[in-house]
Amino acid sequence: MTGRPSAASIAGRYTAGLVFAHLMTTAEVVAIVVSLCAETFSGARSLLNRDELIWLIVVVVIGTAFTAVMAYRGIIGTAKWYAAGLVPDDAQRHTAIDISRWQSGLVIVVWVFSAAALMAANRQAVPAILIALASMFGALSTVSTSLLFTQKVSRPLVAAASRDQLGRTTAPGVLARLVAMWVINSALPSLVIAVLVICRHTGWLIPETASVDIPVVVLAVVSVALGLRALIVVSLSISDPIRDVVEAMAEVEQGIIGRTVPVYEQSEIGRLQAGFNRMVAGLLERDRIREVFGHHVGSDVARLAMASETSDTTGDVRDVAILFIDLVESTRMAATLRPQETAEVLNDFFRIVVAAVDEHGGFINKFQGDAALAVYGAPLQSAGAATDALTTARALGIALRQLPVVEFGIGVSAGSVFAGKIGAENRYEYTVIGDPVNEAARLADAAKQESGRILAAGAVIERGSDTECARWRPAGIRMLRGRTKLTHTSVPIEE
């Protein structure tokens, strides 16, 4: 189930709208012709006799029936794939996108053949001229009126067919529509009224004694009614898509990215709709890249990199805290467990590490096989970096003991490091370089021999808060492997 109306319902509503528009404009044109024949054209009064009126009714009925049949057949194919939620082929796309042009062509064909039939039945010159002019006015009126009554049905079809052909221009632009509306609803009626007055004044076709008051009034009323409908059509063709874009843009401004607007206008307004959708797609792609980038380098580094105006920012010296955590005998674990089991153990291990570091404001700088390096105070500066690192170490000591077959060592240090980008122009890595990093790694290695599996350097204890430092006790002075200076160490007080 697609939640869409059935194909028969779509085709039925479209056909009803087109037929109603045809009958409405036919009634208006007949009213104009009858008023002209009755009041002015002495030679055209033959159109009002019984035989001509019967023939007029027959022509209207046949024209209406033909319009209904062709409208249903013309829309049902499009309605079927739309109602079923299918992807249209190229021919179906073009048929749906060009539905308004096809509709206008159908209307004009019906009026042309209707005029030809009426003129064939009455071969007098004056009635023929009147029928031709009235039919031309009726065709133009029906084109604009039919768009008003069918666009609600056709817009979703055009939007569905235009997804892969965004911005295609096949319809008149805004200026052309406004000019056409003025010509049909203002210029032409005014011209007809002027011609009536001139003809009566000169006695050509209309006797000088004839009255043109009623025809002028009827023509003015019809012109006003038609003008209102045409104004609504043009206004909706401009205001509806712009309103959709404005509403969607308001959501984007609020951070709600993802809504697109239907592209049912095949003009410059359609290009506006398509352009907005491309902008949203670009924003979504940017967010996706940022999310993927953040998974690899950390969200803070991702934001810093994407906000940077240049790609060669080298970084600076920061006072940070470093937490290094390493697994014990991971090589033996890989040799004794199946690869899938080893991966599951490592994933559980790193999941706990990442969660704890994130919770206390740290940044996982890198994973090194079975080890992880977390930084506090870079890339975002933090006055409580040492406290956060010490708190994380204690939390990890408790959480990781719950994992089976996992032994670890955690080292915590602090001091000045270089924090920034290292690498080439087309490939760089955000990292920290300095003695605290080496000290934390050596402490993690030494902590593997401690019962609590955690060692902190005196430098980080000195920078920690009083509350946090009260939870640690001295563990002696050590000469760590690969270093030339003694390190004062501390371990967590067991609670």
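Q: How many bridges join strand β7 to strand β8, and do they run parallel or antiparallel?
A: Two strands pair if DSSP finds at least two bridges between them. Here 6 bridges join β7 (residues 472-479) to β8 (residues 486-492), and the strands run antiparallel. M479 stands opposite L486 in β8. The hairpin of β7 and β8 has 6 residues between the strands, and G482 takes a positive phi near 80 degrees there.

Q: What kind of model is this, and how are residues numbered?
A: It is a predicted model: local features need pLDDT of at least 70, side-chain atom pairs count only at pLDDT 80 or more, and totals for chains, interfaces and linings use all residues. Residues are numbered from 1 along each chain as its sequence is written, and side-chain values use heavy atoms, with hydrogens and water left out.

Q: How many helices and strands are there in the chain?
A: Helices (H or I, at least four residues) and strands (E, at least two) are DSSP runs, numbered from the N terminus. The chain has 15 helices and 8 strands.

Q: What share of the residues count as buried?
A: Buried means under 20% relative accessible area, exposed over 50%, and partly exposed in between (1.4 Å probe, protein chains only). Of the 495 residues, 45% count as buried.

Q: Which strands pair with β3?
A: Strand β1 (residues 316-327) pairs with β3 (residues 371-376) in the antiparallel sense, over 6 bridges. A321 of this pairing has Y376 in β3 as its bridge partner. I325 has A372 in β3. Strand β2 (residues 363-368) also pairs with β3 in the antiparallel sense, over 5 bridges. There, K366 has L373 in β3 as its bridge partner.

Q: Why is β3 described as largely enclosed by the rest of the structure?
A: Because 6 of the 6 residues of β3 are buried. Check the two faces. A371, L373 and V375 are buried on one side, and A372, A374 and Y376 are buried on the other. β1 is mostly covered: 9 of its 12 residues are buried.

Q: At what angle do helices α11 and α12 pack?
A: Two packed helices are described by the angle between their axes and the distance between the axes. Axes are lines fitted to C-alpha atoms, for helices over the stretch in contact, and angles run from 0 to 180 degrees between N-to-C directions. Helix α11 (residues 339-359) and helix α12 (residues 385-399) pack at about 150 degrees, with their axes 10 Å apart. That makes α11 roughly antiparallel to α12 (angles over 145 degrees count as roughly antiparallel, under 35 as roughly parallel, 65 to 115 as roughly perpendicular and the rest as oblique).

Q: Which residues make the contact of α11 with α12?
A: Contact means heavy atoms within 4.5 Å. I352, V353, A356 and V357 of α11 meet T392, L396 and A399 of α12. These residues divide into 6 nonpolar, 1 polar and no charged (Ala, Val, Leu, Ile, Met, Phe, Trp, Tyr, Cys and Pro count as nonpolar, Asp, Glu, Lys and Arg as charged, and the others, Gly among them, as polar).

Q: Where does T145 lie, and which residues does T145 touch?
A: T145 lies in helix α5 (residues 125-161). T145 counts as buried, at 0% relative accessibility. Not counting residues up to four places away in sequence, T145 touches A21, M24, T25, L226 and R229. The C-alpha atoms of T145 and A21 are separated by 5.6 Å, although these residues are 124 apart along the chain.

Q: Is S235 buried, partly exposed or exposed?
A: S235 is partly exposed, with a relative accessible area of 32%. S235 is found in helix α7 (residues 213-253).
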